[in-house]
Amino acid sequence: MKKRFAHETALLALLFALLAYAKFTEPKFLALDTQRKLLEELWELALISIPMTLIILTGGIDLSVGSAMGLCAVVMGMSFQRGYPPALCALLALVAGLAAGALNGFFITRVKVHPLLVTLATLAAFRGVAEGMSGGASVEGFVETFKLLRDPVPALIFVAFVAIAAWFLNAAPGGVWLRAIGFNETSARFSGLPVDRLKLRLYALSGLAAGVAAVLYAARFNTAKADIGDGKELEAVTAVVLGGTSIFGGRGHVFGTVLGLLLIHETREFVKWHWSNEYIAIVLGVLLILSVLMNRFLGDGES
Amino acid sequence: MRLLERVVPVVLLGLAIAGCGSNPPAETSNSSGPAPASTSPASGEKITIALLPKQKGIAYFTSCAKGAEEAAKELGDVELIYDGPTDGKAEKAASMIDQWVLKGVSAIAVSPNDPQVLAPAMKSAKEKGIKVLTWDADGDKAGRDWFVNQATAEQIGNALVDTLAKDIGGKGKVAIITATLTAANQNEWMKYMNIRLKKYPGMTLVATKPSNENQKIAFTATQDLMKAYPDLKGVFAISSAAFPGAAEAIKQSGNNGKVMVTGLSTPNDMKAYVKGGTVKSVILWNTVDLGYLAVQAAHAAVKGDLRTGAKTFKAGRLGEKKIAGDNVLLGDILVFTKDNIDKYDF
């Protein structure tokens, strides 16, 4: 456990270094109002990163989560266009996300296909369905209708997500179960753990999170269209791995993911603020390599 | 114990952010020292103008940026930020606008890739008292003060017809390859093209075909047209995909010089066809001047020199530029031919 703590301390040190540099070069960047506004950029990615952490803990992965966002956005947009009440539109988006996630879970647990293959397929399929349904057209006009979902609400939803996931990992037996599945699924099965039921629920949860993220996205950008969430799955995996969760499962925690998210977010925004947005990828790449090296030096092994 | 170990870093982090953020006023006062990049409008007389292209790094917008830098240098009191998403994603463009608002720039000039996605960010910038302009393409009207318009639909329609008329000697059968049959820009241009065609009684428009923004479809549509009308003289290929597609079809069927094609494109994309003789004229505007005018207009808007109701405003080396309503007009269509196309590199 000491080792985990070390990884998180190292992440904090990196974050501090960045913020200290920002303090000297761009004092305005650290103003509370600025930080609060910039955080709006983070919530959609943050939301899908929490279920992703749990899934990766079991040794799985969900690559379809970005495409699921597109699918949910289209469902929401098309129902909005038909004149359904806004709350119902949002609900339908969540249901679509849940169904998409459950479909992943079904193939993984019942048909026994590797999560990487299943979600790689649905990565293409969900996006395809979204584009096919909408014909590539976008639906507008959410900003006024979904005013309720502005500023503090996404942050509160995220805190709730983290709290539930942390409770599940720490207090409930689920945490032990998830890690057991991640370390050795076969032995977890022989120990009588409800492996399939847990996994199915996790993938469904991931889809649900994509639905929530899609609704928030539409409320923020006024637009629902099929290409929403493009590439978000890899950003989420990056945040989780940077946060110290082993990509092979078993090791890790949502708190690490929260730190990983913050580090990625602050880096991205600061690079954009101080230099120019085309350097973001370089700096993030360096950051990832640093975190891998850190893991080696701190002896936290194999990721 | 385990919970504690995990909670502590998060709490520390929260404190760190709060701590760093709680004393910004004290910090901003010495910002002029170590931070030359300070963009506060209060520091000196500098006017910070942020220019956002649809996509950073493509030739069209890079040439616009060249003109923008030129204008900034000439004006002297302008600090220019030229930045945009390298992948053209409108969400990223919106977050850049948000950052510029937080930095406190004086004016933002946007070429919106998706007007709806950018609308909330532009609107909140305008509400904060920042001058917001659009250039190259218009956005949501509620979110901007001015549109720097490179060419009106009427100008483009007229230029297309006049150019092709010149290329084919003013008579013969002509056809249009458009984007999609519902494309708003193209339909607007075609409206004015039909009016302008009346000036050339020798020219008859025989067909209008869609290309769905697909070069291959434009290619086959042009082939079909040449089969259906063996005496076809000219083609208007009025989308960026239709133009090279139509040119390629004419070239491959050996109709170089017999059937002329014209349309809107950047000189670099069409250079080979112009030199090979398939295309006599390519229509566009001077993109360097467009970037130049965008910065001049943004500067004038901040200074209060760009007034509603005014008929013209003075735009540096471009002289007096016309204003129509809330549009600032660049005004000149540029025709690239084999004589001048080598002078332009974008």
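Modeller: B:N214 lies in the loop between β7 (203–210) and α8 (215–228) of chain B. Helices (H or I, at least four residues) and strands (E, at least two) are DSSP runs, numbered from the N terminus. This is a predicted model, in which local features need pLDDT of at least 70 and side-chain atom pairs count only at pLDDT 80 or more, while totals for chains, interfaces and linings use all residues. Residues are numbered from 1 along each chain as its sequence is written, and chains are lettered from A and ligands numbered from 1 in the order in which they are written.

B:N214 has 17 other C-beta atoms within 10 Å, so it is partly exposed. On this scale a residue is buried with 20 or more other C-beta atoms within 10 Å of its own, exposed with 12 or fewer, and partly exposed in between, C-beta atoms being placed from the backbone. From B:N214 to B:K271 the separation is 57 residues in sequence and 20 Å in space, C-alpha to C-alpha.

Chain B, which holds this loop, has eleven helices and 14 strands. Buried residues are 49% of its 346 residues. Of the contacts in chain B with a separation of 6 or more, 71% are between residues 24 or more positions apart; a contact means C-beta atoms, placed from the backbone, within 7 Å.

Chain A has 14 helices and two strands. Its radius of gyration is 19 Å, close to the 19 Å that the globule rule gives for 303 residues, so chain A is as compact as a globular protein of that length. The radius is taken over C-alpha atoms, and the rule is 2.2 Å times the number of residues to the power 0.38. In chain A, 53% of the 303 residues are buried.

The largest nonpolar core has 198 residues, and those touching the most other members are A:M76, A:A214, B:I97, B:I108, B:L133, B:A294 and B:A297. Such a core is a set of buried Ala, Val, Leu, Ile, Met, Phe, Trp, Tyr and Cys residues joined through C-beta atoms within 7 Å. Its largest share, 16 residues, comes from helix α11 (residues 195–221) of chain A. Not counting residues up to four places away in sequence, B:L133 touches several residues, among them B:A107, B:W146, B:F147, B:A294 and B:A297.

Note on methods:
Contact = placed C-beta atoms within 7 Å.
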